Every structure is written in C-alpha cells, then in structure tokens.
Amino acid sequence: MQRLFRTWKTRLHAEYLRYNTDEERLSHPPKDVMPEDWEFLVQYFGSPTFKVAVSERNKTNRKKQTTKHSCGSKSFAEVEESTRDPLTGEKAPPDRVWELQHTRKNDKGELLWSDPRSQQIHDQIQELVGQQEYEENDSPMNGDEILAIVLGERTGYVRGKGYGKKPPKKSCMQQADLGSSLSSAIESVRHEMQADMERKLQEEREQMRAEMDKRFQEQMEEERKQMRLEMDKRIQDKMEMAALMVRMQQ
C-alpha cells in the first residue's frame, strides 16, 4: 500500500513538473484528482518544505547507494528490454545488462565503470553466467535468480531491476544454491580425479623410463662383454699364430 501511494505521489509530482507556472498547472488538473486537492498539491509541491524534504531524502538515498547507474531517466527494466533480440525474442544475459546500466564511454570510446563496486558485481554475475554455460545445466538459473544470488534479496522487488519485478521463490533460490553447491562439489572431485590421473601417469612414465634405462644399461653391458670376448679371442689367435711361426723357423 505504501509503495502504491509513493508511486501515485510520484506520478502527480511528474505532472506538476510538466508545466512552468502554477497557473498552467491549475488549469490542467489530473483526471483522477479533485480540483481542490490538486490546488493543495500544487502549493505543496512548490513549497520550501517539500523541496527541502526531497533534497534531504535524495542526500540520504545517495549515501545508502553502493553502486551508481548510468541509465539517466531510463529504468533498469527499460534498459533490459532494449537488449531483446527482435528475431529470437531473447534478452541479453544479466552481465551484459548490468554493464549497460553501469558504464559509459569516454571521448576515446573507452568503457568506464560508474564505480568500482559495480564492476565487482559485474564480474560476479559474469562468473555465474559463464559457469552455467560451461556446465550445460538442464535447469539453468534465469537473470533474476542470478541477480538475487549476487545482490541478495529484498522484499517486493529484484535488486538491480527496481520495483515491479518479483524476486524468485525461495524454492528456486534453494534449488539454485543446491545446484551451485553440487556443481562446486563435482568440480572439486573432477580436479582431484584429474590430479590423481596425472600423478599416476607421471609415475608410469618414470617407471617406464627407469625400465628403459635399465634395459639400455644391460644391453650396453652385454655388448661390452661380447666385444671383450672377441678381442680376447683375436689376441689368443694371434699369439697362437706367432708361436706356430716360431716353431716352424726352428
């Protein structure tokens, strides 16, 4: 109810700002407001009390902000809708939408983040999006669920999209958390198995290298023995031949 009242008052204030003078404003009252009520609102919106209250509220809200958007007067929902592909009807992934909402280009065409925190959040969103693409999950999280995991939940709206978008149900969030935990566990087991396989392959390579070195040494030793035997035989033959020649000369 309070949100509806704030929305209604914001709409009336926007109607007040459409005109430059109170005379124009009073001559164009909104259709759903009584003339005497509109006259009171015109006086209220133009009073110093209202202007000071708005200024102080804006200061307080700015202090609470941890990120700054670069959308101007566009809502987050409008920025997201502008990314919809006319052929497929699909919207851009949440990391791309967040980038559009919190960056601008300088004179050189370089992309600048509105603040460091926005860039950190973008990196976290991008990591979740990339993780889903890598794992090829049958039930991937949608953009709202990813934003809820990174930014946290707020009653009545999805953080990063403003009012109007309902946060994902608890069951979806629990399922997403469970899926994320399961994915982390599977990834950990995969790394352990890969490390174990690499260790075993290394051991087998070292064992094969040791066996090959042993066989090579044995083969070399056998060849050296054969060479020594042949040399000994040749020497023996020459000595016998020399002895025979000596006897023949005698």
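1. A polar contact is a pair of N or O atoms within 3.5 Å; within protein, one atom must be able to donate a hydrogen and the other to accept it, and residues adjacent in sequence count only if both atoms are side-chain atoms. By this definition, the side chains of Arg-25 and Asp-22 are joined by a polar contact of 2.7 Å.

2. The model is predicted, and local features need pLDDT of at least 70, side-chain atom pairs count only at pLDDT 80 or more, and totals for chains, interfaces and linings use all residues. Residues are numbered from 1 along each chain as its sequence is written, and side-chain values use heavy atoms, with hydrogens and water left out.

3. Arg-25 belongs to helix α2, residues 22–27; helices (H or I, at least four residues) and strands (E, at least two) are DSSP runs, numbered from the N terminus. With a relative accessibility of 9%, Arg-25 counts as buried, where buried means under 20% relative accessible area, exposed over 50%, and partly exposed in between (1.4 Å probe, protein chains only).

4. Leaving aside residues up to four places away in sequence, Arg-25 touches Tyr-16, Tyr-19, Asn-20, Trp-38 and Val-42; contact means heavy atoms within 4.5 Å. The charged end of Arg-25 also sits over the ring of Tyr-16, 3.9 Å from its centre. That description requires NZ of Lys or CZ of Arg within 6 Å of the ring centre and within 35 degrees of the ring normal.

5. Tyr-16 is also part of one aromatic cluster, together with Phe-40, Tyr-44 and Phe-45. The structure holds 3 aromatic pairs. In one of them, the ring centres of Tyr-44 and Phe-45 are 5.8 Å apart and the planes stand at 50 degrees, so this pair is tilted. Rings of Phe, Tyr and Trp (its six-membered ring) pair if their centres lie within 6.5 Å; planes under 30 degrees apart count as stacked, over 60 as edge-to-face and the rest as tilted. Tyr-44 is partly exposed at 31%, whereas Phe-45 is buried at 2%.

6. Trp-113 lies in strand β2, residues 111–113, and is partly exposed, with a relative accessible area of 22%. Its C-alpha atom is 8.1 Å from that of Glu-99, 14 residues apart along the chain. Beyond four places in sequence, the residues that Trp-113 touches include Trp-98, Glu-99 and His-122.

7. In helix α8 (residues 143–151), 7 of the 9 residues are buried, so the helix is largely enclosed by the rest of the structure. Among them are Asp-144, Glu-145 and Leu-151. Gly-152 follows α8, with a positive phi near 90 degrees.
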